[in-house]
Each structure stands twice: as structure tokens, then as C-alpha cells.
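Biologist: Please take a close look at one part of this protein for me. I would like to hear about its aromatic rings and what surrounds them.

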Amino acid sequence: LTDKIAALPPDSNYFSLEFFPPKTQQGFANLQARLSRMSQALRPLFVNVTWGAGGSTSAKSLALAELTQRSLGLTTCLHLTCTNMSRKLVDEALEQAKVLGVRNILALRGDPPRSEEYRDDSNPNAEEDDSNKDFTWAVDLVQYIRKQYGDYFCIGVAGYPEGHSDQSHPEHQSVEHDLPYLVEKTKAGADFIMTQLFYDVQAYQKYERQLREHESGLMPVQSYQILRRTTKLSHSSLPPELLKRFEAVKGDDEAVKRVGVDVISEIVQAMKDMPGQGPRGFHFYTLNLEKVVTQILERSDLIPPSTPMVAANGRNGNVEEAI
Ligand code: FAD
């Protein structure tokens, strides 16, 4: 990813789309058709494939990565968590990713084990689960990948513009608390940072001032209930003026989606207009849906031309190279 981003013309924007592996074969077939349409029509710089905490979706995530990377030829970033999961599964996932030609891993901790009890018989990995010894934090996974694979993988890590919250900490953790650990992850060899979703541009801008070279996350709005639930779960704040706009139409899903398209397009524009070094990349949590993200990308003018040509020698454009 970092090579692909570096090859883009200076100051150009790009975007990526995130998908989760469907549970059923029918769901997989539907997503396959949708992905094929979206990759041709929208031309994301890369796509992300999520990983179920504890390796719960390992086979399905790898199958989806095979579809995106191998069959559709999309540069794929595979998410991989490391806690509550056997080291064997981590090794298998990395080896399989390499076989599939996946060169990018988003190294995550995942959900922490609820307690020591997770090593009980109900955990299929219990017997061989040595994950606690090797992997406590995401930084351990970053170090492990670098040790095992050198520079083969481009590694990303998670960042939290509004702080981090999970079941292992009773208190919500502030950005200031989280930042040293983020620095630790980059020092261990992470190449890029991908953020938690957010709707509050100001919170993001504040975070931005503390960081450089990153990718920011946005989730299109599909319904009022989903909006409230995801903002609560991810600890993302919804500024009051945005909340008012959604509340005015909350009974009408189609109107909520329209307001969502307006709001996210405004957020992208506000970030493009940021003085100094604003973000160049926009990452969309698609929830595997097509219509709303397509509208936002069109509105935000993020879709690259169908035969992207990059001036290899800077702005003169005498020598051009297709990417
Ligand atoms: P870490 O970087 O390890 O940090 C976790 C917490 O521990 C932070 O609060 C940090 O401040 C603290 N911490 C870190 N190191 C230390 C230390 N040495 N001592 C004390 N405290 C420390 N989850 C999934 O299961 N599957 C996915 O596909 C997935 N995709 C994601 C994509 C993005 C872009 C993001 C932002 C999150 C994603 N998550 C996913 C969620 C993620 O797994 C959780 O947020 C998890 O709780 C933390 O993961 P992390 O990699 O940020 O952990």
C-alpha cells in the first residue's frame, strides 16, 4: 500500500473500501457479484477484508481475500487479530496470505479474552492456545510479522481519533493515553495507521495535528439505528448539529441515507480542505453495501478515471505510466 500511495501524483486523494466475510454461501455469492461491480465502477486504491476476533472467520476471511486479491486483482489488506487466538492460526493466516499474494496486513489486537476462563473446553483452540504468551497487544503482532517475514508485508495498525474503548478497560482511554502505544506500534515496524470511524471532523483534526501519514476511516450512514449503535460502540461522537439533521428524518430510512450521503461528503470535503497536511486517503467501512458508498464517492469526486495515468516524471507528463 505504501508503494501504491507513493506512486500517486502528489496531493491526489484516494480511497479504500472495507468488506467483511459473509456467513453463508449465498451471501458470499452476492458479495462476489457486488465486489466485481464496485471494483470496476469505483476503482478503490485497495480493499480491506476484516477478521473475526479470535479467528472466528479465518477460513471465510481468507476466502474473501482470495476473491479480492486473486480473482478480482484488487490490492488487498487483510486484517489479522492476535489475542484470544492460537499462534498456529496466526502462522497459518500469514502463510496463506502470502500464498494468495496478499502483501498488506492490518495488525490488530482484537477483542481481549474476557478472563482466564476463555481457556476452557468451549474454546476450540484451548489446548494449543499459547496466544497469551506471545501476543498481548497489537505491537506484539507487528513485531512477530516483521521477525517472521521481514519486509514482505506492508503492515498497518489501528488508531483512534477519539480515544479507545474496550472490555479490558473499564474506563474509556483518551487519545493522550493511547498515543505512546501507537508510537510503539510504528516503531515496531508498522507502515501506516488506519483510524477508527468517526463523524466529528474537529476531533479528527485535533488528532491529525498529532499524527502524520495516515488513513482516516468513515462509515456511510445506512439507518438511524445503525448510526446510533456504531457511534456508541466505537465511541465516536456525533456533533449535535449532525444529530439534529438525522433526528429530523429518523423515521424515514431513505431520507436518513440521503442526509448520510450529504454529511459524509461534507466531512470528506472538510478534510480535503484542511490547511497544511490534510489526509489524502479515505477509508470506507462499507458494511458490504454498494449504493450509499458509491453516491458518496461520486459526490466527493474520489473515483479515479477508468484508465488512470500517472505522470512518472512529476507534473510535465512526458513519460506516463499506467498503474
Ligand atoms: P492495541 O494497539 O494493542 O491497543 C489496545 C488498547 O490497549 C489501547 O487502549 C492501548 O492504549 C492499550 N495498550 C496498548 N499497548 C499497551 C501496553 N503495552 N500497556 C498497556 N496498554 C496498552 N477487530 C477485529 O476483531 N477484527 C477486525 O477486522 C478489526 N478491524 C479493525 C479496523 C480498524 C481500522 C480499527 C480501528 C479497529 C479494528 N478492530 C477489529 C478492532 C480492534 O481489534 C479493537 O479496537 C481492539 O480492542 C484493539 O485493537 P488494537 O489493535 O488497537 O490494540
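Modeller: The model is predicted. The protein has 323 residues, and 51% of them are buried. Its secondary structure comes to 12 helices and 10 strands.

Now the rings. The structure holds 5 aromatic pairs. One of them joins Phe 15 and Phe 284. The pair is edge-to-face, with 6.4 Å centre to centre and 75° between the planes. Phe 15 belongs to strand β1 (residues 14-19), while Phe 284 belongs to strand β8 (residues 281-285), so this pair ties together parts that are 269 residues apart in sequence. Both Phe 15 and Phe 284 are buried.

Phe 135 and Tyr 144 form another pair. Their ring centres are 5.3 Å apart and the planes stand at 90°, a geometry that counts as edge-to-face because the angle is over 60 degrees. Phe 135 is buried, at 0% relative accessibility. Tyr 144 has a relative accessible area of 9%; that is under 20%, so Tyr 144 is buried too.

Then there is a cluster. Ring pairs link Tyr 149, Tyr 152 and Phe 153. Lys 98 lies over the face of Tyr 152, at 4.9 Å from the ring centre. Arg 103 lies over the face of Tyr 152 as well, at 3.9 Å from the ring centre.

Among contacts with a separation of 6 or more, 74% are between residues 24 or more positions apart.

Note on methods. Residues are numbered from 1 along each chain as its sequence is written. This is a predicted model: local features need pLDDT of at least 70, side-chain atom pairs count only at pLDDT 80 or more; totals for chains, interfaces and linings use all residues. Side-chain values use heavy atoms; hydrogens and water are left out. Helices (H or I, at least four residues) and strands (E, at least two) are DSSP runs, numbered from the N terminus. Buried means under 20% relative accessible area, exposed over 50%, partly exposed in between (1.4 Å probe, protein chains only). Contact means heavy atoms within 4.5 Å. Rings of Phe, Tyr and Trp (its six-membered ring) pair if their centres lie within 6.5 Å; planes under 30 degrees apart count as stacked, over 60 as edge-to-face and the rest as tilted. A charge sits over a ring if NZ of Lys or CZ of Arg is within 6 Å of the ring centre and within 35 degrees of the ring normal.
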